[in-house]
Amino acid sequence: MSKNAPSVAWSEDVCSRARLLKAHHHRQRLKLDLDVEANPIESKFSSSLMDLMQREETAVAQGRHEFVENIAKKIFNGLCAETTKHCSLQSSSNQTRWKKLFEQQAEE
């Protein structure tokens with residue numbers, strides 16, 4: 001029985017360390033998940049899109065409704081393009097951060 005005692009103790013120690021590491025990894029994933037949700041990349045409209053929005057407001061204020069529809073279409077297209085770009089950047093950033101964490105955890 002004394003021959004098995006060191007291996008049992010070693011096995012319990014390994015299991016204890018594995019549980020601690022697993023809990024640590026879980027906390028790291030929760031922290032990253034919270035950070036990804038709480039701190040997204042800041043979104044800003046381009047100056048050209050802001051200019052179009054200003055032109056639309058001016059056209060509406062001046063009663064030049066014949067120009068509003070054309071400007072609104074350009075604004076819609078610009079918003080679509082900029083939103084798509086922003087979402088792609090955010091997704092890429094998040095993916096890179098998650099990949100880095102998982103690689104780090106795999107090495108541990």
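Modeller: Start with the charge count. The protein carries 16 positive and 15 negative side chains. The centres of these two sets lie 7 Å apart. Keep in mind that this is a predicted model.

How many salt bridges does the structure hold? There are three.

Take Asp 13 and Arg 17. Their side chains meet in a salt bridge, at 3.2 Å from N to O. Both residues sit in helix α1, which covers residues 5–38. They are four residues apart there, so about one helical turn separates them.

Now the pair of Lys 73 and Glu 69. These two also form a salt bridge, and their closest N and O atoms are 3.7 Å apart. The cut-off is 4 Å, so this pair qualifies. Lys 73 and Glu 69 are four residues apart in helix α3, so they are separated by about one helical turn. Both residues are exposed.

The remaining bridge joins Arg 97 and Asp 35, with an N to O distance of 2.1 Å. This pair links distant parts of the chain. Arg 97 lies in helix α3, residues 65–107, while Asp 35 lies in helix α1. The two are 62 residues apart. What is the exposure of Arg 97? Arg 97 has 28% relative accessibility and counts as partly exposed. Asp 35 is partly exposed too, with a relative accessible area of 28%.

The protein has three helices and zero strands. From the N terminus on, the order is α-α-α. The radius of gyration is 27 Å, well over the 13 Å that the globule rule gives for 108 residues, so the protein is more spread out than a compact globule. The C-alpha trace spans about 95 × 20 × 15 Å along the principal axes.

One pair of positions gives a sense of the distances. Val 14 is in helix α1, and it is partly exposed at 35% relative accessible area. Glu 57 is 43 residues from Val 14 along the chain. Their C-alpha atoms are separated by 68 Å.

Contacts tell another part of the story. Consider those between residues at least 6 apart in sequence: 73% of them join residues at least 24 apart. The bridge between Arg 97 and Asp 35 spans 62 residues of sequence.

Then the surface. The accessible area of the protein comes to about 8,800 Å². Carbon and sulfur atoms account for 58% of that. Of the 108 residues, 15% count as buried.

Is His 25 buried or exposed? His 25 counts as buried, because its relative accessibility is 10% and the cut-off is under 20%. This residue belongs to helix α1. Leaving out residues up to four places away in sequence, His 25 touches Gln 105 and Glu 108.

To sum up the pairings: Asp 13 with Arg 17 lies within helix α1, Lys 73 with Glu 69 lies within helix α3, and Arg 97 with Asp 35 connects helix α3 to helix α1.

Definitions and conventions:
Residues numbered from 1 in each chain as written. Predicted model: local features only at pLDDT ≥ 70, side-chain atom pairs only at ≥ 80, totals over all residues. Heavy atoms only, no water. Rg over C-alpha atoms; globule rule 2.2 N^0.38 Å. Buried < 20%, exposed > 50% of the residue type's maximum accessible area, 1.4 Å probe, protein only. Contact = heavy atoms within 4.5 Å. Areas by Shrake-Rupley, 256 points an atom, 1.4 Å probe, with all protein chains shown as cover. Lys, Arg positive; Asp, Glu negative; His and termini not counted. Charge placed at Lys NZ, Arg CZ, Asp CG, Glu CD.
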